[in-house]
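Subject: Structure handover

Hello,

Here is the structure I promised to pass on.

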Amino acid sequence: MKKLLRSLKDLFLKPSVRIGLGVLVTGGFIAGVLAWQGFNTAMEATNKEEFCISCHTMHDNLLPELQKTVHWNNRTGVRARCPDCHVPHDFTDKIARKMQASREVFGHLVGTIGTREKFKEHRIVLAQREWARFSANGSKECRACHDYKDMNFDKMRPASQVAMRKAAERNQSCVDCHKGIAHQLPEMKGARNPAFDTLVSSASGQSVDTGKDYFLVVPQELYADEGLTKRIGSVEVATQVKVLETKGDAQRVELALWRKNKGYGRVWYSHFGLNITSATFDKDVAQDTSFVKVLDTREDPMTGLEWQQVTATAWMRKGSVLDSVEPVWSIARASYSGSCSVCHRQPEEAHFDANTWPGLFGGMVGFTSMDDDTARVVLKYLQTHSSDFSKSHGAGSPDSALQTARP
């Protein structure tokens, strides 16, 4: 028994004693080749589209979206498959991506993204990871087929020529402009601009004096009582309010705004004749003459609509106002510049009037990754810095909501 154990020990710890060096080297080489071949076979198998869509998470969620796009079916018959876009072509990057992808596999196995509802809930996180990867590598996988140097810009539509020539000059990443090109864009409602957290922190430390005007840093619910139990409406970010009193966690504020004298008059605007939404009330409250005070009535010469200058008081949670609107505009300005200039040169704020901006911005924001809160504040920034203000008040001046933006 001892001899047998000693022989086994020598075999494993001193193989050259029992096995010839040539046999040992040859065996090691063959084992290495077999291991490498096995590794490559596994890599190739996991790089096939059939493998990508073999789980129901991908097959039921992403495949139907891809099948509706030109990347699946087109006049040339050239189709992009899952690995063409989502597996790097360089070996080291490919290995890194395989390791990262283990998170999605784990999420599928434990059920984190196992249903359509769960997948949609986590989709923003999955999308942001891929967007970050494409941004970091210059959309290398996209440009394996769509390289700037191979593009004939003269055959593009005029509007596309301008955008693509500028993108080529900057060697811009494709994903900056073409999110959602092969799959649906995720819901941005769950996302939040972290810059607003800084505003909220500043507002929590803001010293508030009774009778002075302040500006909302985030949207707030409005209530009829100081206990904040009876909701009557909401007030938008950057709206100017006068603080009348503070009790516990609540503040009573006065809103002085404008509304159109038609329907229930639920939507209140910051300026006469301009559709810059500042507050919205429940229809019963908006029609309550004991709540709403009408100060003036005017006809808009541009539309023939009658507008009312109105005021009302309501309660809201304290800690959401600043004595200057400029910090809000700084976030909006940076978001507009950073999100809307990646595809083309964005229009100057004063290039359009306040009533034109909502339609234009609505067509632009769908191509960005702005969350809802950021989109609302950017739109309000554009409207309050529009040509209406550059002509009459000077762009961006924080004039009172009781002043008019038209003569």
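**Overall**

Please keep in mind that this is a predicted model. The protein chain has 407 residues, and buried residues make up 38% of them. Its secondary structure comes to 16 helices and 10 strands. The chain exposes about 23,100 Å². Carbon and sulfur atoms supply 56% of that area. Take the contacts with a separation of 6 or more: residues 24 or more positions apart account for 64% of them.

**The cores**

In soluble globular proteins, nonpolar side chains tend to be buried together. The largest nonpolar core here has 24 residues. Which of them touch the most other members? They are Val328, Trp329, Val377 and Val378. The elements that give two or more residues to this core are H11, helix H13 (326-340), helix H14 (357-365) and helix H15 (372-384).

Leaving aside neighbours within four places in sequence, Val378 is in contact with Ala332, Ser335, Tyr336, Phe361 and Met370.

Phe361 also turns up in H14, where the buried residues are Trp357, Phe361 and Met364. These three lie on the same side of H14, because they cover an arc of only 60° around the axis. The general rule is simple: an α-helix has 3.6 residues a turn, so residues three or four places apart point the same way.

**Salt bridges**

Side chains of opposite charge can pair when their charged atoms come close. The structure holds 21 salt bridges.

- Lys140 and Asp93: their side chains meet at 4.0 Å, N to O. The pair links distant parts of the chain, 47 residues apart. Lys140 is in the loop between helix H9 (116-136) and helix H10 (158-170), and Asp93 is in helix H8 (residues 91-110). Lys140 is partly exposed, with a relative accessible area of 39%. Asp93 counts as partly exposed too, at 34% relative accessibility.
- Glu226 and Lys247: this salt bridge is 3.5 Å, N to O. Glu226 lies in the loop between strand E2 (220-223) and strand E3 (231-235), and Lys247 in strand E4 (residues 240-247), so the pair ties together parts that are 21 residues apart in sequence. Glu226 has a relative accessible area of 43%, so it is partly exposed. Lys247 is partly exposed at 39%.
- Glu245 and Lys247: the closest N and O atoms are 3.9 Å apart. Glu245 counts as partly exposed, at 22% relative accessibility.
- The network: salt bridges link Arg97, Glu130, Arg133 and Glu141.

**A loop glycine**

Where is Gly211 found? It is in the loop between helix H11 (195-204) and strand E1 (213-216). Gly211 is partly exposed, at 42% relative accessible area. Beyond its neighbours within four places in sequence, Gly211 is in contact with Lys242 and Val243. Gly211 and Val243 are 32 residues apart along the chain, yet their C-alpha atoms are separated by 5.6 Å.

**On the surface**

Some nonpolar side chains are on the outside. Phe29, Ile30, Val33 and Leu34 form a nonpolar patch on the surface. Together they have about 420 Å² of accessible area. Leu34 sits in helix H3 (residues 21-46). Is Leu34 buried or exposed? Leu34 counts as exposed because its relative accessibility is 59%, and the cut-off is over 50%.

Best wishes

Note on methods
Residues numbered from 1 in each chain as written. Predicted model: local features only at pLDDT ≥ 70, side-chain atom pairs only at ≥ 80, totals over all residues. Heavy atoms only, no water. Patch = residues over 30% accessible without salt bridge, like charges linked within 9 Å, V, L, I, M, F, W, Y side chains within 5 Å. Areas by Shrake-Rupley, 256 points an atom, 1.4 Å probe, with all protein chains shown as cover. Helix = DSSP H or I, 4+ residues; strand = E, 2+ residues; numbered from the N terminus. Buried < 20%, exposed > 50% of the residue type's maximum accessible area, 1.4 Å probe, protein only. Contact = heavy atoms within 4.5 Å. Core = buried A, V, L, I, M, F, W, Y, C linked by side-chain atoms within 4.5 Å. Arc of directions from axis to C-beta.
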